[in-house]
Amino acid sequence: MEQFLDKAKGTIYGQAIGDALGLGTEFMNDEEIALKYPNGITHYNDIFQDRHRKRWKIGDWTDDTDMMLCIAEAVVKDKVVDYTNIARNFKKWADGEPIGIGENTYKVLSFADYVEKPFEVSKMVWEMSHRQSAANGGLMRTSIVGLLPNNVEEWSANVCRLTHYDPRCVGSCVIVSKLIHSLVYDKSPISYEQMLEIARNYDERIEEYVDLAINSDRIEALDLQNRDSIGYTLKTLAAGLWAYWHAQTFEEGLLAVVRAGGDADTNAAVACAILGAKFGFDAIPSEYVDGLIYREQLDLVIEGMMEIMTNAKPPKSICIDFDGVIHDYSRGWLGVDVFDTVLPGASEATHKLHDAGYMIIIHTTRNDSPALRDFLNKNDICFDYINHNPYQPKGAEMGKIKADVYLDDRGVCFTGNWNDAIDQILNFKTWQEDYWK
């Protein structure tokens, strides 16, 4: 539980810290950064107080974290994701004349009937842009959705659509939210291949920016200062993923993204939420935490989110054996990453189970490896975890994986009668028995 709290707290504080320090170089290019920060920017007190930046106090965050808190406060109060109440918080915040509100967000929240029909208004504004508006206003606030215990893809997609309807925005939010969720809850974070799969499900244009992030050794390759694409959701996605894959510490990622300029507060808010989930709160230098002037707001949200995360009712779960159930296993064990052909119907069945509300755990003697995940993804096997249940009872972390149902080609169902069980065992044959003659 301590590690769980450390990563959740790291996510929320990471978002606010990236936002607060990123304000220092927001909308700047390299020439302006060199002029305003000849010794570089490292601390909140370094932030140059020009006409834009002096609207905020040193150590304050911007609209990015304000809107994240709108979501968080609604979720903590309702103990569930209620889109109407989140929309109501957005509207209340917008009516209070917030500093730095984005153009797309402002247009959507300006409608008098927004709270009553937020999705319709959001879609209409997007269509009025000829379906070209793909700003990062949905992505900048999505970190909190990644901390929810389940339904992350559905909730992150719809919370994005409350103001940003473009599929590039939606796919960006799903990738970041699921990455944060996997870093906090799972033994293994979602892979590059899984991110590409998400990208293709929403908009094929996302894939290019995922590739750019993983293949670029230097952040300058992302061209974050380009005036024509500042504020583009896919540029911010790339910045966040670049930090995740290339930064060795929280501070290294924070300073790299901030010093890259462009839409630095939003880029750093997203990047540092991810880094906070990856490295944890304890890895964040104390000066960045202590320097936030409204951090008590974050602590209240963390307390409420931890209650939701620890008290969440586990979904129905099924452990599905891999060998002989997902793939044929007709030749027996040939190596940890050597697989047979996928069995007919396995893909369709796992998707039906998932649609029916089951959390699917692949339970196998094999390790949770990139090769295994790649095999499952390429064959469209729907799964949530491998050899891991995030709702495992306390103290049983190293024991048998807890599930409501187990599906195994070598299993015998115990019905409460040991005589029947012995009879089944003594006469047991696998469905592949002929392969071993």
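This is a predicted model: local features need pLDDT of at least 70, side-chain atom pairs count only at pLDDT 80 or more; totals for chains, interfaces and linings use all residues.

User: What volume does the largest pocket have?

Analyst: The largest pocket has a volume of about 1,100 Å³. It is lined by 37 residues, and the closest to its centre are Glu153, Lys178, His354, Phe383 and Asp384.

User: And which elements give two or more residues to that lining?

Analyst: They are helix 7 (152-161), helix 8 (167-185), helix 9 (192-202), helix 16, strand 2 (358-363), helix 17 and strand 3 (385-386). The largest share, four residues, comes from helix 9.

User: How does the lining of the largest pocket divide into nonpolar, polar and charged?

Analyst: That lining divides into 14 nonpolar, twelve polar and eleven charged residues.

User: How much space lies in the second largest pocket?

Analyst: About 890 Å³ of space lies in the second largest pocket, and of the 26 residues that line it, Phe4, Tyr185, His388, Pro390 and Glu397 are the closest to its centre. Helix 1 (2-22), helix 8 and helix 15 each supply at least two residues of this lining, with the largest share, four residues, coming from helix 8. By class, the lining has 13 nonpolar, eight polar and five charged residues.

User: OK, cavities now. How many of 30 Å³ or more does the structure hold?

Analyst: The structure holds four cavities of 30 Å³ or more, and about 50 Å³ of space lies in the largest cavity. Among the residues that line the largest cavity are His327, Tyr329, Trp333, Phe339, Asp340 and Arg366. Its lining has five nonpolar, three polar and three charged residues.

User: Switching to rings, how many aromatic pairs does a search of the whole structure find?

Analyst: The search finds 13 aromatic pairs. In one of them, the ring centres of tyrosine 244 and tryptophan 245 are 5.9 Å apart and the planes stand at 50 degrees, so this pair is tilted. Tyrosine 244 is buried, with a relative accessible area of 8%, while tryptophan 245 is partly exposed at 23%. These two residues also belong to one aromatic cluster with Tyr192.

User: Why does the pair of phenylalanine 322 and phenylalanine 375 count as edge-to-face?

Analyst: The planes of those two rings are at 85 degrees, and planes over 60 degrees apart count as edge-to-face, so the pair falls in that class; the ring centres are 5.7 Å apart. The pair links distant parts of the chain, 53 residues apart, with phenylalanine 322 in the loop between strand 1 (316-321) and helix 16 (346-355) and phenylalanine 375 in helix 17 (residues 370-378).

User: Are those two phenylalanines buried or exposed?

Analyst: Phenylalanine 322 is buried, with a relative accessible area of 0%, and phenylalanine 375 also counts as buried, at 12%.

User: Which ring does the charged end of lysine 9 sit over?

Analyst: The charged end of lysine 9 sits over the ring of phenylalanine 281, 4.2 Å from the ring centre. Elsewhere, lysine 400 lies over the face of tyrosine 406, at 4.5 Å from the ring centre.

User: Last topic: where does methionine 309 lie, and what is it in contact with?

Analyst: Methionine 309 lies in helix 15 (residues 295-311) and counts as buried, at 5% relative accessibility. Leaving aside neighbours within four places in sequence, methionine 309 is in contact with Phe4, Ala8, Leu147, Val184 and Tyr185. The C-alpha atoms of methionine 309 and lysine 79 are separated by 9.8 Å, although these residues are 230 residues apart along the chain.

Conventions:
Residues are numbered from 1 along each chain as its sequence is written. Side-chain values use heavy atoms; hydrogens and water are left out. On a 1 Å grid over the protein atoms alone, a cavity is a set of points where a 1.4 Å probe fits but cannot get out, and a pocket is an open set with protein on both sides within 12 Å along at least five of seven lines; lining residues have an atom within 4 Å of a point. Grid points are joined across faces, edges and corners, and a volume is the space filled by probe spheres set on the points. Ala, Val, Leu, Ile, Met, Phe, Trp, Tyr, Cys and Pro count as nonpolar, Asp, Glu, Lys and Arg as charged, and the others, Gly among them, as polar. Rings of Phe, Tyr and Trp (its six-membered ring) pair if their centres lie within 6.5 Å; planes under 30 degrees apart count as stacked, over 60 as edge-to-face and the rest as tilted. Buried means under 20% relative accessible area, exposed over 50%, partly exposed in between (1.4 Å probe, protein chains only). A charge sits over a ring if NZ of Lys or CZ of Arg is within 6 Å of the ring centre and within 35 degrees of the ring normal. Contact means heavy atoms within 4.5 Å.
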